[in-house]
Amino acid sequence: MVRGAVQTGPLAYEIRSFERPTVGSDEGLLRIEACGICGSDVEQYRGHLVRPGMFPLIPGHEPLGVIEEVGERAAERWGVSVGDRVAVEILRPCHSCDHCLTGRYMSCPNRDGAYGMTPLSRAPSLWGGFADYLYLHPWAILHKVSKDLPPEIAVMFNPLGAGVRWATMLGEVGLGDTVLILGPGQRGLTSVIAARARGAGTIIVTGLSRDEGKLALAREFGADHTINVEEEDVVARVTEITDGALADVVLELTPIADQPIRDAIECVRHSGRIVLAGLKGGKSVQLVTDRLINKGVTVRGAFGVNAEAYIEAIRIIESGRFPLERMASGTFELADTEAAIQALADGDAIHTCVCPDGGSALAGAMTSREEAADAG
Ligand SMILES: [Zn+2]
Ligand SMILES: [Zn+2]
């Protein structure tokens with residue numbers, strides 16, 4: 001039997017058993033090693049992303065695992081064999097429509113739903129990463145990852161993929177560019193890494209007083225300056241740091257607050273780029289759009305991550321160049337899935353994941369460090 005952590009409704013989880021599916025020629029079965037958790041999991045847990053008929057389901061849309069079984073045609077198409085470690089993308093696009101064929105597969109209108117968001121009622125039920133196994137649909141997108149990394153680090157392909165896409169692909173961060181990152185969460189930190197890897201010049205990150213630990217980590221990953229927005233004026237500080245030149249690229253990653261959007265417009269240089277990725281809960285935001293025109297600013301909305309960014313992110317992780325283990329705030333067993341989501345929701349954790357088999361020695365090391373800290 002296969003265990004799955006099932007969300008039955010808002011704030012409600014239970015462990016259920018499932019039949020292990022049989023695998024046809026075009027499909028596969030993944031043994032989950034780790035499934036990462038992000039802000040969307042918190043929203044889903046609270047019931048904010050609810051659609052009718054969605055529950056019960058197995059959440060978890062950032063799965064990493066080992067190919068347990070794969071059909072003959074699927075193995076050829078994906079270029080994988082049993083035993084390979086792969087990261088799985090959230091979407092299952094059709095691979096045939098105009099969107100897919102022109103590289104915009106994230107907006108595929110024919111897609112077969114998304115991992116972590118497909119109801120149990122649809123066979124074979126194993127559509128989420130918070131389980132022992134994940135069903136690999138013929139349209140799934142897989143990326144091979146080195147088996148030399150602890151699963152808790154390898155699973156960071158997802159947040160790092162976001163950092164790569166937002167900073168370097170949408171923000172077009174180039175050699176020597178000044179980059180301002182508003183918000184020091186999981187994706188703000190991975191944006192620091194991506195910008196650093198791409199050869200950025202000065203990197204500045206903002207946060208609140210309670211983000212002190214995250215801002216310290218941003219500096220460890222390569223940020224040159226951090227700004228506490230509760231104590232300092234962002235625009236004045238950025239002007240001072242850059243000697244009036246302002247930022248070539250601004251990434252706006254803060255949730256709900258709208259002041260950071262106005263700050264982004266003031267902090268970007270003439271003809272600079274702004275990437276908006278911080279969702280504001282659907283509310284309208286007051287802007288003086290004349291400022292965008294007069295400064296000739298390019299504004300881009302960041303929707304999701306694509307294969308190009310995932311592949312680059314996996315290369316950065318495999319390079320071992322950045323101390324990514326510093327972002328690993330906790331590894332949780334399947335039965336503790338709610339606790340893993342709660343830890344991220346509480347705000348202090350940076351990256352948590354669920355490892356059905358308990359994770360690697362890294363998890364043990366982290367736990368014993370925490371125990372030592374608690375004891376001390
Ligand atoms: Zn996510
Ligand atoms: Zn398509």
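Is the crossing of H8 and H9 left-handed or right-handed? To find out, select helix H8 (residues 234–241) and helix H9 (residues 259–267) in this predicted model. Their crossing is right-handed. The two axes lie 9 Å apart and meet at an angle of about 25°. Angles under 35 degrees count as roughly parallel, and H8 and H9 are therefore roughly parallel to each other.

Show the side chains at this contact next. H8 contributes Val234, Val235 and Val238, while H9 contributes Asp263, Glu266 and Cys267. Sorted by class, the contact has four nonpolar residues, two charged ones and no polar ones.

Now select the zinc ion (ligand 2). Its coordinating atoms are the SG atoms of Cys94, Cys97, Cys100 and Cys108, at 2.3 to 2.4 Å. The arrangement is tetrahedral because the four donor atoms subtend angles of 104 to 116° around the zinc ion (ligand 2). Along the sequence, the donor residues follow the spacing C-x2-C-x2-C-x7-C. Cys97 sits in the loop between strand E5 (85–88) and helix H3 (98–101), and Cys108 in the loop between H3 and strand E6 (133–136), so this pair ties together parts that are 11 residues apart in sequence.

Stay in the loop between H3 and E6 and pick Pro124. The peptide bond from Ala123 to Pro124 is cis, with omega near 0°. Another cis peptide bond joins Phe55 and Pro56, where omega is about -5°. Look for Pro56 in the loop between helix H1 (39–46) and strand E4 (63–70).

The last stop is Leu11, in the loop between strand E1 (2–9) and strand E2 (12–18). Leu11 is not a glycine, yet its phi is positive, near 60°. Most residues other than glycine have a negative phi.

Definitions and conventions:
Residues are numbered from 1 along each chain as its sequence is written. Chains are lettered from A and ligands numbered from 1 in the order in which they are written. This is a predicted model: local features need pLDDT of at least 70, side-chain atom pairs count only at pLDDT 80 or more; totals for chains, interfaces and linings use all residues. Side-chain values use heavy atoms; hydrogens and water are left out. Axes are lines fitted to C-alpha atoms, for helices over the stretch in contact, and angles run from 0 to 180 degrees between N-to-C directions. Helices (H or I, at least four residues) and strands (E, at least two) are DSSP runs, numbered from the N terminus. Angles under 35 degrees count as roughly parallel, over 145 as roughly antiparallel, 65 to 115 as roughly perpendicular and the rest as oblique. A crossing is left-handed if the near helix is turned anticlockwise from the far one by less than a right angle, and right-handed if clockwise. Contact means heavy atoms within 4.5 Å. Ala, Val, Leu, Ile, Met, Phe, Trp, Tyr, Cys and Pro count as nonpolar, Asp, Glu, Lys and Arg as charged, and the others, Gly among them, as polar. Donors are N, O and S atoms within 2.8 Å of the metal (3.2 Å for Na, K and Ca); water is not among the atoms, so sites may look incomplete. Four donors count as tetrahedral if all angles lie between 85 and 135 degrees; four count as square planar and six as octahedral if opposite donors are over 155 degrees apart and all others between 65 and 115; anything else is irregular.
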